[in-house]
Amino acid sequence: MQSRLSVHPALRHIGRAALFTALCAAAGFAIPGAQAAPAARAPVYVHMNGANMFLENVVVVRPGQPVVFVDEDTGAHTIIGYNPATGATSKTFEGAVQGTPGPGHAVHTYTITFRHPGLKYYYCSVHAELVKEPGGRTVPKKRPTVHGFGDPMAGLIIVTDDPHLLADNPKTARSKILPSYFGG
């Protein structure tokens, strides 16, 4: 008579070797050469509001950690990466989110991850435009024809493993939806 190992349905998608390694690790046995799977990282949220600004305009993430842009505004926004040294926009860091009609409606998002450490500059092309400054650096400036505050709708994502920088994210960057924040 042959016995079969019964596997919980939630674990059936895991390969036998990975399942064996996980079970051995859970029991306290070390498997030479085995590597632990990377832990899922909670996303960092950047909120957009009716004042045409990114509330958390500077956030820090680890490589591979999701950044979720949340549009808690009635208007649509774009999220366009750019290089301040050249003014070139990114072909991979380029998103758009629809506005949200009002409280109780689905809130639209755009999610991106970055695999390598570095500085990731971005702006909303609806509310800001890229302008080359006298020193040659390109920066976003508020479009004169849009409403909102005088600052351009722009921000920076720092991708690093530095624990001190990672600890400095604004508290609001931990919540997908900010209560009583809709519409600015």
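I take helices (H or I, at least four residues) and strands (E, at least two) as DSSP runs, numbered from the N terminus. The model is predicted, so local features need pLDDT of at least 70 and side-chain atom pairs count only at pLDDT 80 or more, while totals for chains, interfaces and linings use all residues. I number residues from 1 along each chain as its sequence is written, and side-chain values use heavy atoms, with hydrogens and water left out.

**Entry: Thr160**

I located Thr160 in the loop between β10 (154–159) and α2 (163–166). I call a residue buried under 20% relative accessible area, exposed over 50% and partly exposed in between, with a 1.4 Å probe and protein chains only. Thr160 counts as buried because its relative accessibility is 15%. I then looked up its contacts (heavy atoms within 4.5 Å). Leaving aside neighbours within four places in sequence, Thr160 touches Val60, Val61, Arg62, Pro63, Leu165 and Leu166. For polar contacts I require a pair of N or O atoms within 3.5 Å; within protein, one must be able to donate a hydrogen and the other to accept it, and residues adjacent in sequence count only if both atoms are side-chain atoms. A polar side-chain atom of Thr160 lies 3.1 Å from the backbone nitrogen of Asp162.

**Entry: Gln65**

Gln65 sits in the loop between β2 and β3. With 11% relative accessibility, Gln65 is therefore buried. Its side chain reaches the backbone nitrogen of Arg62 at 2.9 Å. Beyond four places in sequence, I found Gln65 in contact with Arg41, Ala42, Val44, Ile112 and Thr113. The C-alpha atoms of Gln65 and Thr113 are 5.8 Å apart, although 48 residues separate the two in sequence.

I traced an open sheet of five strands in the order β2-β10-β7-β4-β5, with mixed pairing. Two strands pair if DSSP finds at least two bridges between them. β2 and β5 are the edge strands, each pairing on one side only. From one strand to the next, the twist averages 25°; axes are lines fitted to C-alpha atoms, for helices over the stretch in contact, and angles run from 0 to 180 degrees between N-to-C directions. β2 and β10 run parallel and are joined by four bridges. Val60 has Ile158 in β10 as its bridge partner.

Val59 belongs to strand β2, and its 0% relative accessibility is why I list Val59 as buried. Leaving aside neighbours within four places in sequence, Val59 is in contact with Val44, Val46, Leu156, Ile157, Ile158 and Asn169. I also noted 8.1 Å between the C-alpha atoms of Val59 and Asp168, which are 109 residues apart along the chain.

**Entry: nonpolar cores**

I define a nonpolar core as a set of buried Ala, Val, Leu, Ile, Met, Phe, Trp, Tyr and Cys residues joined through side-chain atoms within 4.5 Å. The largest has 20 residues, and those with the most contacts inside it are Phe54, Phe69, Ile79, Phe93, Tyr122 and Ile157. Two or more residues each come from β1, β2, β3 (67–71), β5 (89–97), β6 (108–112) and β10. β1 gives the most, with three residues. Another core, of 10 residues, lies apart from this one and includes Val60, Tyr82, Ala128 and Leu166.

I listed contacts of Phe54 beyond four places in sequence, among them Phe69, Ile79, Tyr122 and Met153.

**Entry: Asn52**

Asn52 lies in the loop between β1 (44–48) and β2 (58–61). Its phi is near 55°, a positive value in a residue other than glycine. Asn52 counts as buried because its relative accessibility is 6%.
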